[in-house]
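Here are some notes to read alongside the structure. Take the points in order and find each element as you go.

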Amino acid sequence: MPVLLDVRNLTVEFETLEGTVHAVNGISYSIDEGGTLGIVGESGCGKSVNVLSVMRLIPQPPGKIAAGEVLYRGRDLLKLSEEEMEAVRGKEIAMVFQDPMTAFNPVLTIGRQITEGLRVHLGMDKAQANQRAVELLEMVGIPNAAQRLKDYPHQFSGGMRQRAMIAMALSCAPSLLIADEPTTALDVTIQAQIIDLAKELRDRLGMAIIWITHDLGVIAGMVERVIVMYSGFIVERAVVDDIYEHPLHPYTLALLRSIPRVDRSGGEKLATIAGMPPDLLRLPPGCPFAPRCAYVMERCLQENPSLEVVAEEHEIACWVDVRTGRAR
Amino acid sequence: MAAINSEVADFLAEAAEAPPITLRELFWRRFRRHKMALFGAVVLILLVVYSVGGSLFFTEAYANHTDTNLRLQPPSREHPCGTDTVGRDILARTIYGGQISLLIGITAMLVEVIVGIIVGAVSGFYGGLADSLLMRVTEALLIIPQIFLLLVMAKFFAGRIPNLTLLGREFSGSVVVIVLIIGLTSWMYLARIVRAEFLSLKEREFILAARATGTPNLQIIIEHILPNSIAPIVVSATLSIAAAITTEAYISFLGLGVQAPTATWGNMLEGAYNYVETAPWLWIFPGLLIVLVVLSINFVGDGLRDALDPRALAR
């Protein structure tokens, strides 16, 4: 499959009164047409800033894309004019946001909002767009769709709103869908429904998906590849099964240990990662994870490791081999 | 028994089919509970009916007809509200004057709302240099006393705008001047309200979602942010109709407003101060109408504020 999106050395900074916040630090990744990619990491590690930069939606200023290229089908999105970028957003690349409670405009009907992309990009009139919106709502499993188009967001439940949000993102048949923690704001049973829906749509529509989450459990059956981010760096990149079965970066390992599991004995305490992610205003000279790492060595505090291939389709940014606990 | 059951079934079916409550119904429900606002709305409608419907009984030529033999007549069967200093019928003049006063109130409000929204929206949405420039201009205009601006502009524009014909009636150029100067000296507060709304609304996630859909900025401003800030705009616009009517009244009272023979409730007061005691009918009738219209608009404005307040209990 040809490459759809190729992000190279993306660097994003925010100018604040206290100094420059290094939110994303020269990350590179790519996704093929129809491919699926999971981006994992804890809050504040640059996952959202990364994809908002790809969409050129970070507020500028204070935000600044300091370096890098975002090649979409060979075209650098960072060099497009604002008008050209508007034609890409929603039509080529669509987004689903974290909180369906706040991502809908409260004073416009659901129908009006779902049809927005259809009218903006495909020039449909109201009747055509409504017709299509009914099909979309039915596709995401909202019963009585024609009626519900006239409803306002507050008349939808959280799960239904997220379904409507997905319908809205899919309206113009985008080639890439970016889902920014789409299940985080939902309760667990609804989460499972939305994940099942996303899997079904992925198989049926064949678009590429970037799924951002801080919950490793969510993406298990969802994506082919995973990148793990920590304080604006990619620390591990692998096929999804390898991430679960042979994680090679100490951070990924710690993340996996912190997932609660029903098959573990009751008395056991849940493992946590001690400490806090580093202040993005003052990144340490060495590996950003070093202060919290169980395998930390002298070198980790002085030099930041770059991403290196350690096995087939498996890259990590670490000086240590976690299997032996010694330097690689 | 069977009949009762079918009745219950009917009721349930109806309840199930009843559409969920819309924002409009919610608004009307809240407005209705505001008794003074309802009273104001009724008085306002009556005043509109009075000044529009009254023209079926009197012609404008009659309202502007002078007869110095009949000057300063007290109310009589012939002239129910008396006559003025040059013998014009006051009842007919309050009818035609009402049309002009209400027209001035509404059009001045439109000028104010259009300028205020454009300045506030550009300022709040784009920020940066545009914001700084527009807000400095707004502040500069705010620190000049409005009466001073009004008088200077009235003097400056007087006689420069020709009379115009609209809907088969001729309007004095001075009406257009008044509308423009009232509108152009009162948009600053609205611009600040709109700017504040835009500043907070543009950071909301649904605006980010709209941008992620590829919606152009102009469409985001008009179709996404503006409907969310409509409540304070409507309230402010309503109250500014009343303000425009009073403003017109005092400029006209000072003789710089709408020029005779065109009547307004304001310019009917001009000259009446010489006869405050001797011919009270000169000021009582137009004065009463001004008080009524301003009062009822303010009541309606209060009702709208309560009905449109998103923080009010949703009942």
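1. Start with two words. A residue is called buried if 20 or more other C-beta atoms lie within 10 Å of its own, and exposed if 12 or fewer do. Keep in mind that this is a predicted model.

2. On the face turned away from its buried side, H8(A) carries the exposed residues A:Thr189, A:Asp203 and A:Arg204. The buried residues of H8(A) are A:Ile194, A:Ile195 and A:Ala198. Looking down the axis of H8(A), the buried residues fall within an arc of 100°, so they line one face of the helix. An α-helix has 3.6 residues a turn, so residues three or four places apart point the same way.

3. What covers that buried face? Helix H7 (158-170) of chain A is included in the cover over the buried residues of H8(A).

4. Check the length of the helix too. H8(A) covers residues 188-205, which is 18 residues. From its first C-alpha to its last, H8(A) reaches 25 Å, close to the 26 Å expected at 1.5 Å a residue. After H8(A) comes A:Gly206, with a positive phi near 65°.

5. Step back to the whole of chain A. The chain has ten helices and 14 strands. Its C-alpha atoms fill a box of roughly 65 × 50 × 40 Å along the principal axes. Is chain A compact or extended? A compact globule of 328 residues would have a radius of gyration near 20 Å, and chain A agrees, with 21 Å. In chain A, 44% of the residues count as buried. Of the contacts with a separation of 6 or more, 64% are between residues 24 or more positions apart.

6. Look next at a sheet in chain A. This open sheet has four strands, in the order E2-E1-E4-E5, with antiparallel pairing. Its edge strands are E2 (19-32) and E5 (75-76), and each pairs on one side only. Strand E1 (residues 3-16) and strand E4 (residues 63-72) of chain A run antiparallel, joined by eight bridges. For one pair to find on screen, take A:Arg8, whose bridge partner in E4(A) is A:Glu69.

7. Chain B has 13 helices and two strands. Of its 315 residues, 37% are buried. Among contacts in chain B between residues at least 6 apart in sequence, 70% join residues at least 24 apart.

8. How many residues of each chain are in contact with the other chain? The contact involves 23 residues of chain A and 17 residues of chain B. Helix H2 (82-88) and helix H4 (116-122) of chain A each supply at least two residues to the side of chain A that touches chain B. H4(A) gives the most, with four residues. By type, the residues on this side of chain A divide into eleven nonpolar, six polar and six charged.

9. Finish with A:Gly117, which lies in helix H4 of chain A. Why does A:Gly117 count as buried? Because A:Gly117 has 28 C-beta neighbours inside 10 Å, and the cut-off is 20 or more. Leaving out residues up to four places away in sequence, A:Gly117 touches residues in both chains, including A:Met168, A:Cys172, B:Thr213 and B:Gly214. For a sense of scale, the C-alpha atoms of A:Gly117 and A:Pro288 are separated by 41 Å. Along the chain, these two are 171 residues apart.

Key. Residues are numbered from 1 along each chain as its sequence is written. Chains are lettered from A and ligands numbered from 1 in the order in which they are written. This is a predicted model: local features need pLDDT of at least 70, side-chain atom pairs count only at pLDDT 80 or more; totals for chains, interfaces and linings use all residues. The radius of gyration is taken over C-alpha atoms; the globule rule is 2.2 Å times the number of residues to the power 0.38. Two residues are in contact if their C-beta atoms, placed from the backbone, lie within 7 Å. The expected span of a helix is 1.5 Å times one less than its number of residues. The arc is that of the directions from the helix axis to the C-beta atoms. Ala, Val, Leu, Ile, Met, Phe, Trp, Tyr, Cys and Pro count as nonpolar, Asp, Glu, Lys and Arg as charged, and the others, Gly among them, as polar. Two strands pair if DSSP finds at least two bridges between them.
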